[in-house]
Each structure stands twice: as structure tokens, then as C-alpha cells.
Amino acid sequence: MRVFNFSAGPAVLPEPVLSQAAAEMLDWHGSGMSVMEMSHRGKEFISIADKAEADLRTLLAVPSNYKVLFLQGGAIAENAIVPMNLLRGRTTADYVNTGEWSKKSIKEAKKYCTVHIAASAEDKDFTYVPAQSAWKPSQDPAYLHVCTNETIAGVEYQWTPDTGDIPLVADMSSHILSRPVDVARFGVIYGGAQKNMGPAGLTLVIVRDDLLDRALPITPSAFHWSEQAAADSMLNTPPTYAIYIAGLVFEWLLAQGGLAVIEQRNIAKSALLYDYLDRTSFYRSAVRCEDRSRMNVTFRLADEAQDDAFLKGAGQRGMVQLKGHRAVGGIRASIYNAMPMAGVEALVAYMREFEQRHG
Ligand code: PMP
């Protein structure tokens, strides 16, 4: 029996994707082998990678002057790869600090450049996104970095920053493909796959062509965007099986009607949870209403001593991975694209039941 898996990542994947992968495990399309066993340079795998890229471009309406790269290393590696690829000729980069993942990006960037904090939500314990009017960019930074969905606290940009000529770089790991985005507003978009795209091991980078000539000479080839772009992301062996599964997820998203349809579902799913949280004092959500994440819904029980009982009861009802991140505690329900409405309904019903018994 499958559970409702509320993990923040690696996370739930669409069941039809897993079934298809299982059916194709031993013999992909008459090739007589598993995708895992294919040469990344063979025509079968090239066709898989090409289709995955084409479908992703369709889903996000990626303009033709952007490269799509399928790399390794995850978003944490990208925190170093971003400055290495963008700093040539400049020594400062701007960061907006909205929480734990922003902090990790900042810490890493400091190894390569002077980091200027253009805005920070630390004054209110990272429960909101600072309004753009309060941002103070530096003079001529190489780029400005944001984390558009802070997975740990559950804080999401519901708007796109406008940084003018400063290239806008976004870590979208935990909400990419959950809603349409205007890619043209960004210089670079990156994210690990293991939330909304597929298995861990694949890192997506979408980069505007004119930013491909700014890498520091120390940039490792495997992480050098223009070298990887020239090699169609195959300068090294790419994470082939993860690309294949992500490709199946992209097909599934297109079959659902694309990101506008998915967004409406995500609005409905998260609203069900937040509406309930707003009607009770037994559970509390700390995040400012207009900045609440549709993907990672965080809340606390009024009496935190009941957290363990809450999590145990959820597990007995087939709802798992609801424990908040160790950095902040509390409860976190990650409700990515592949989480069905039924999972959210089951969670709210259980929350109500628990409140009635313990409230
Ligand atoms: N950024 C965000 C927003 C994340 O949610 C995560 C993973 N939870 C990371 C970065 C780090 O990703 P990885 O572990 O794949 O390096």
C-alpha cells in the first residue's frame, strides 16, 4: 500500500510515472535494456534527453535565448557554481536572505566574492519576503540571488523581483514546475530535481545566453555552464536515469494540462490546509499570509509536547514525513505537484480529529 508522503525531498512522484518506469525497467522500448544500462551517447538515451529538454521548454515556455542544462551536484553545489560562473570582472554579488537556504547560498558565495545582503527577513525570524521597495542593491553586482521558495520555513515569493540590468538568479528547487514562471525575467534559474521533477542526482540550470561568458578560470569543467552548454550537458556522464524519470514527470505534467492547470491544483490544495489553520488556534502558522508557500506548509501545535503523538497518529493513518526540519521543528507538510488532493484532505481530517481529542 502506498502512503501519503509529505516529505520535503526526495519526495512523492506521480504514480503513473513510477508504474511506467517499472514497466520499462528491463526493456526500454524494445532496446533490450534498462535506461540505467544505456550509453549516454547512444541514440536511445539521446532521444530520451532531447525529449525531456523539449518538454521542459514547453512546460516553462523557456525562450530560445536560454540554455537548459541537466547537471549533477544538487542545489548546494550550485551555490558555489553560480558565483564561479558569473563573477568574471566583478567582485560583489547581492543576496536576499529569506531563510535557511538563502543562508546556505550566502555562506558558499562568500568563498568566492564579497556578498552584499540587499535585504533580509531575519528581523522577523524569516517569516516573510521583504518587499522589493526595501531592497538595497549594491553598485554593479555580478548578479542578485534569491531563493524563491524557502523549503524549511515555507515562505514563497508570490511575485517576481525586477532587478533591471542586474541578472536575477533564483534557487527554485522546491517550487519549480508548481506554477508558470516568466523565465525571461531571470538570468539564471536552478534547482535540484528531488522535489517536483524526479529523483535526486539531477540539477536543472536554465541560463540566459549572454551570461555564459562570465566564468572564473577556476570553474571546474563539469560545472562550467558554457562548456556544458556546448556539450549538450554531456561533457561528463549526466545522471541518465534521473533525466529519464524527470522526462516522464514532464510528460505527466503536460498530460495534466501544463503548469497553469497544476498551479490551480496547488492553490486549491494549499488553501485547504491554510484555511483550516486560520480557523483554529490549536495549530499556528507563523508565515505572513501573503508569503505562504503552496509547496511547504509549516505549522506548530499550540502545545509542542504533543508533536510526537501527532506524528505517530499520522503515521498510523498512512501519512508520513510530516516532521518539521530539524533547524526549526514543528510540523511541515510538503505538498508538491504529485501529492493528490486526497492526501491533503486526509491530513486536514486527521488534524481536526487530533484537535478534537487533544484540544
Ligand atoms: N535549496 C533549496 C530551496 C532546497 O530546498 C534544497 C534541498 N532541500 C537545497 C537548496 C539543497 O539541495 P541539494 O541537497 O540537492 O543540494
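1. Two strands are taken to pair if DSSP finds at least two bridges between them. Helices (H or I, at least four residues) and strands (E, at least two) are DSSP runs, numbered from the N terminus. The model is predicted, with local features needing pLDDT of at least 70 and side-chain atom pairs counting only at pLDDT 80 or more, while totals for chains, interfaces and linings use all residues. Residues are numbered from 1 along each chain as its sequence is written, and side-chain values use heavy atoms, with hydrogens and water left out.

2. Seven strands form an open sheet in the order 2-10-9-8-5-3-4, with mixed pairing. Strand 2 (66-71) and strand 4 (114-120) are its edges, each pairing on one side only. On average, neighbouring strands are turned by 20° against each other, direction ignored. For this and the angles below, axes are lines fitted to C-alpha atoms, for helices over the stretch in contact, and angles run from 0 to 180 degrees between N-to-C directions.

3. Pairing of strands 3 and 4. Strand 3 (residues 92-97) runs parallel to strand 4, with six bridges between them. Within this pairing, D94 has H116 of strand 4 as its bridge partner, and A93 has V115.

4. Helices on the sheet. Helix 2 (43-60) packs on the sheet and touches strand 2 and strand 10 (203-208), its direction making about 130° with that of strand 2. Helix 3 (residues 74-86) also packs on the sheet, touching strand 3, strand 5 (144-147), strand 8 (168-171), strand 9 (188-192) and strand 10; the angle between its direction and that of strand 9 is about 155°. Contact here means heavy atoms within 4.5 Å.

5. Burial of strand 3. Buried means under 20% relative accessible area, exposed over 50%, and partly exposed in between (1.4 Å probe, protein chains only). Six of the six residues of strand 3 are buried, so the strand is largely enclosed by the rest of the structure. In a regular strand the side chains alternate between the two faces of the sheet. Here T92, D94 and V96 point one way and A93, Y95 and N97 the other.

6. Strand 8 and its neighbours. L168 and A170 point one way from strand 8, V169 and D171 point the other way, and all are buried. Strand 5 and strand 8 run parallel and are joined by four bridges, with V146 opposite A170. Strand 8 and strand 9 are also parallel, joined by three bridges; D171 has Y190 of strand 9 as its bridge partner.

7. I106. This residue is in helix 4 (residues 100-109). With a relative accessibility of 7%, I106 counts as buried. Leaving aside residues up to four places away in sequence, I106 touches Y95, N97, V115 and I117.

8. Backbone points to check. Most residues other than glycine have a negative phi, and most peptide bonds are trans. The bond joining G9 and P10 is cis, with omega about -10°; P10 is in the loop between strand 1 (4-5) and helix 1. A61 has a positive phi, near 50°, and is placed in the loop between helix 2 and strand 2. D125 has a positive phi of about 55° and is placed in the loop between strand 4 and strand 5. A61 is exposed at 58% relative accessibility, and D125 is exposed at 64%.

9. Salt bridges. The whole structure holds 17 salt bridges, each a side-chain nitrogen of Lys or Arg within 4 Å of a carboxyl oxygen of Asp or Glu. One of them joins E15 to R2, with the closest N and O atoms 3.3 Å apart. E15 is in helix 1 and R2 in the segment before strand 1, 13 residues apart. Both are partly exposed, E15 at 47% and R2 at 48%. R300 and E304 form another, at 3.2 Å from N to O. Salt bridges with shared partners join K51, D55 and E251 into one network.
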